[in-house]
Amino acid sequence: MDLLEHQGKQLFGRHGLKVSDGKAVTTVEEAVAAANEVGYPVVVKAQVLIGGRGKAGGVKLAANEGEAREHASNILGMDIRGHTVRTLWIEHASDIATEYYASVLLDRQAKQPMVMFSVEGGVEIEQVAQDSPEKLIRHHVDALNGLSREEAVQIATDGGADADVIEGVADALLALYEVWLSEDATLAEINPLIVTPDRDVKALDAKVSLDNNALYRHPENQGLSDSENEDPIERRAKEQGVQYVALDGDVGILGNGAGLVMSTLDVVAQAGGSPANFLDAGGGSDAAKIKQAVELILANDKVKAVLFNIFGGITRCDEVAKGLIAAFEEIKPSVPFVVRLDGTNDVEGRRLLEQAALPNVHPAKTMNEAAEKVVALAAGAQASAGAAA
Ligand code: GDP
Ligand code: MN
């Protein structure tokens with residue numbers, strides 16, 4: 001689960017990392033009130049789950065109420081690479097002498113936590129890693145011993161931090177490691193970690209991802225999920241315990257088993273179609289679960305046609321057919337379905353479907369045939385919708 005900047009900063013503050021005071025708001029009036037409260041100059045910051053907000057015009061300094069109002073009204077509702085700005089973070093602006101970079105993450109290859117630090121902050125760190133890799137310090141940490149102050153000082157020194165802020169940077173690295181460890185984060189990143197003219201070291205930005213599987217250990221973090229920005233169908237799927245990922249095409253996909261669903265996405269793309277979602281009905285899906293899955297797929301109104309690709313192993317094709325029939329009785333879908341049933345009880349499953357004679361359900365024998373059919377149907381549906389309009 002990715003956190004918004006202001007939520008990440010809340011976690012930073014909890015562990016003694018220095019951050020500026022601020023307020024999260026959702027309207028221009030609230031933004032102006034918050035700016036008056038934290039004191040000018042302020043910085044008005046778009047809260048979206050994507051970086052590079054500054055470049056996109058989503059981070060602006062305001063010297064007075066008029067500017068705060070102007071920036072807040074410009075940034076609220078702004079689209080930053082597909083993310084609509086619904087929340088602003090207003091904080092007292094900092095004076096910046098230098099911008100550094102710091103992060104803690106798990107290096108899966110080394111199977112160890114890794115602290116990264118660079119004096120080339122404020123820019124995209126991938127760029128630094130590419131252009132001047134020697135300026136990006138990567139330090140592996142012994143997970144059992146944790147990060148020691150000596151190590152933190154060494155990282156700051158090796159990275160070339162100004163001599164008078166080595167201790168301050170080390171403090172920040174230790175606190176960041178603590179955030180990463182004790183909050184069960186998968187990533188804790190600060191870019192930029194600034195040095196102020198008073199030689200204070202402070203986090204000006206925050207990028208934190210929490211491990212969803214460890215959320216149960218952090219009841220205080222459970223409210224942080226950005227449900228407002230989360231895809232509503234993904235949220236519903238999560239609540240129902242279904243593996244669903246929203247994509248931006250128009251062909252609804254259901255398969256059983258992550259591998260089969262992935263290849264179904266590929267085959268549909270190969271046939272010239274564009275999948276609307278990933279949905280893994282899982283092994284041993286019964287009729288009730290299939291019905292739920294159909295509801296999820298059709299909740300996306302971009303879906304023009306649906307492909308059911310089931311390879312029965314533990315899952316029984318007759319159960320899938322029953323689920324589909326039950327779903328049709330209740331939902332009466334208006335879009336065509338292509339169904340490929342293969343494997344355990346496939347003959348019975350196909351017989352049930354034939355008997356039910358569901359409107360607009362097209363059987364297919366192979367995955368490729370199914371993909372071609374569904375793509376043609378989606379295109380046809382689009383054409384007729386266009387003709388009607
Ligand atoms: P990002 O573009 O999404 O990474 O957003 P950041 O929070 O990192 O802000 C982008 C840039 O805006 C920073 O690198 C700073 O240069 C600038 N910025 C952000 N906050 C302040 C501030 O309080 N004072 C000043 N002077 N600049 C700021
Ligand atoms: Mn940043």
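Lys 111 is exposed, with a relative accessible area of 71%; exposed means over 50%, buried under 20%, and partly exposed in between, using a 1.4 Å probe and protein chains only. Lys 111 has a positive phi of about 55 degrees although it is not a glycine. It lies in the loop between S7 and S8. Helices (H or I, at least four residues) and strands (E, at least two) are DSSP runs, numbered from the N terminus.

Before I go on, the conventions. This is a predicted model, where local features need pLDDT of at least 70 and side-chain atom pairs count only at pLDDT 80 or more, while totals for chains, interfaces and linings use all residues. Residues are numbered from 1 along each chain as its sequence is written, chains are lettered from A and ligands numbered from 1 in the order in which they are written, and side-chain values use heavy atoms, with hydrogens and water left out.

Back to the hairpin. S7 and S8 have 4 residues between them. The two strands run antiparallel and are joined by 7 bridges; strands count as paired if DSSP finds at least two bridges between them. Leu 106 stands opposite Pro 113 in S8. On S9, residues 136-140, S8 pairs in the antiparallel sense over 5 bridges, and there Met 116 has Arg 138 as its bridge partner. Since 6 of the 7 residues of S8 are buried, this strand is largely enclosed by the rest of the structure.

Next, the cores. A nonpolar core is a set of buried Ala, Val, Leu, Ile, Met, Phe, Trp, Tyr and Cys residues joined through side-chain atoms within 4.5 Å. The largest one has 40 residues, and Phe 12, Val 169 and Leu 210 touch the most other members. Elements supplying at least two residues each include H1, S7, S8 and S10. H6 gives the largest share, 10 residues. Leaving aside residues up to four places away in sequence, Phe 12 touches Leu 176, Val 179, Ile 190 and Asp 205, among others; contact means heavy atoms within 4.5 Å. A second, separate core has 32 residues, among them Ala 276 and Cys 317.

Now the metal. What coordinates the manganese ion, ligand 2? The donors are Asn 191 (O) and Asp 205 (OD), at 2.1 to 2.2 Å. Donors are N, O and S atoms within 2.8 Å of the metal, or 3.2 Å for Na, K and Ca, and water is not among the atoms, so sites may look incomplete. Asn 191 is in strand S10 and Asp 205 in the loop between S11 and S12, 14 residues apart. Asn 191 counts as buried because its relative accessibility is 17%. The peptide bond from Asn 191 to Pro 192 is cis, with omega near 10 degrees.

Another cis bond runs from Tyr 40 to Pro 41, with omega near -5 degrees. Pro 41 lies in the loop between helix H2 and strand S2.

Last, two glutamates. Glu 91, in strand S6, is buried, at 1% relative accessible area. Its side chain makes a polar contact of 2.9 Å with that of Trp 89. A polar contact is a pair of N or O atoms within 3.5 Å; within protein, one must be able to donate a hydrogen and the other to accept it, and residues adjacent in sequence count only if both atoms are side-chain atoms. Glu 150, in helix H5, counts as exposed at 59% relative accessibility.
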